[in-house]
Amino acid sequence: MTRIYISVGSNICPRENIPPALDDLFRHFGPLTLSRVFESEAVGFDGDNFLNFVVACDSKLPLAATAAALRQIELKHGRAPDAQKFSSRTVDLDLLLFGETQCQQPLVLPRPEIRFNAFVLWPLAELAPDLVMPGDDAPLSQRWRDFDKTQQKLWPVAFHWLPSGDMQ
């Protein structure tokens, strides 16, 4: 089993689109640990505010299969297969960390956005404050403490998810 961290985001009906995607994550990976949920302004384009948070879980799949499972969940929940990088999303699932893996293929890990997007770093640091990313020298709590918080606006919001009845 490999501990993984997934950034979850949505700015298209997020309160309706995120829960079924979480149900699918639960089906694929088992128990999920969620950070608090944050609302943030869109970064890189003009769009509605996002809900963002990070999920921790364990994967018994290899890296490529884990990434493919996340992609299939996105597509199942309305993500356009050819969606532009900076655009609105029904569900966005980005694999941030896959155990101690550092790589460039099939995706870049640790995910570079951890260092420059508050909506990724804050919830990740909240979920795993003592974790030191592969190739780094400081725990996530220190990375968040040192982060320039004046550039991106985000704030915690209430959000509750329980796995649907058929999974409990």
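This is a predicted model: local features need pLDDT of at least 70, side-chain atom pairs count only at pLDDT 80 or more; totals for chains, interfaces and linings use all residues.
Trainee: What makes residues 50-59 a strand?
Mentor: Strands are DSSP runs of E with at least two residues, while helices are runs of H or I with at least four, and both are numbered from the N terminus. Strand 4 is the run 50-59.

Trainee: And what makes strand 1 and strand 4 a pair?
Mentor: Two strands pair if DSSP finds at least two bridges between them. Strand 1 and strand 4 have nine, in the antiparallel sense, so they count as a pair under that rule. For one spot to look at, serine 10 stands opposite leucine 51.

Trainee: Why does strand 2 (residues 33-34) count as paired with strand 4?
Mentor: Two bridges join them, running antiparallel, and at least two is what the definition asks for, so they pair. Threonine 33 has alanine 56 as its bridge partner in strand 4. Strand 3 (residues 37-40) is antiparallel to strand 4 too, over three bridges, with phenylalanine 38 opposite asparagine 52.

Trainee: What makes something a nonpolar core?
Mentor: A nonpolar core is a set of buried Ala, Val, Leu, Ile, Met, Phe, Trp, Tyr and Cys residues joined through side-chain atoms within 4.5 Å. The largest one here has 27 residues, and Ile6, Leu22, Leu25, Leu93 and Leu95 touch the most other members. Helix 1 gives the most to this core, five residues. Apart from it lies another core, of 19 residues, including Leu121 and Trp144.

Trainee: Why is cysteine 13 not called buried or exposed?
Mentor: Its relative accessibility is 46%, so cysteine 13 counts as partly exposed. Cysteine 13 sits in the loop between strand 1 and helix 1, and its phi is near 45 degrees, a positive value in a residue other than glycine.

Trainee: What makes a space a pocket?
Mentor: On a 1 Å grid over the protein atoms alone, a pocket is an open set of points where a 1.4 Å probe fits, with protein on both sides within 12 Å along at least five of seven lines; lining residues have an atom within 4 Å of a point. The largest pocket holds about 650 Å³, that being the space filled by probe spheres set on points joined across faces, edges and corners. Of its 32 lining residues, Arg89, Asp92, Asp94, Arg111 and Glu113 lie nearest its centre.

Trainee: What makes ten of those lining residues charged?
Mentor: Asp, Glu, Lys and Arg count as charged; Ala, Val, Leu, Ile, Met, Phe, Trp, Tyr, Cys and Pro count as nonpolar, and the others, Gly among them, as polar. By that sorting, the lining has 16 nonpolar, six polar and ten charged residues. Strand 5 supplies the largest share of the lining, five residues.

How values were computed:
Residues are numbered from 1 along each chain as its sequence is written. Side-chain values use heavy atoms; hydrogens and water are left out. Buried means under 20% relative accessible area, exposed over 50%, partly exposed in between (1.4 Å probe, protein chains only).
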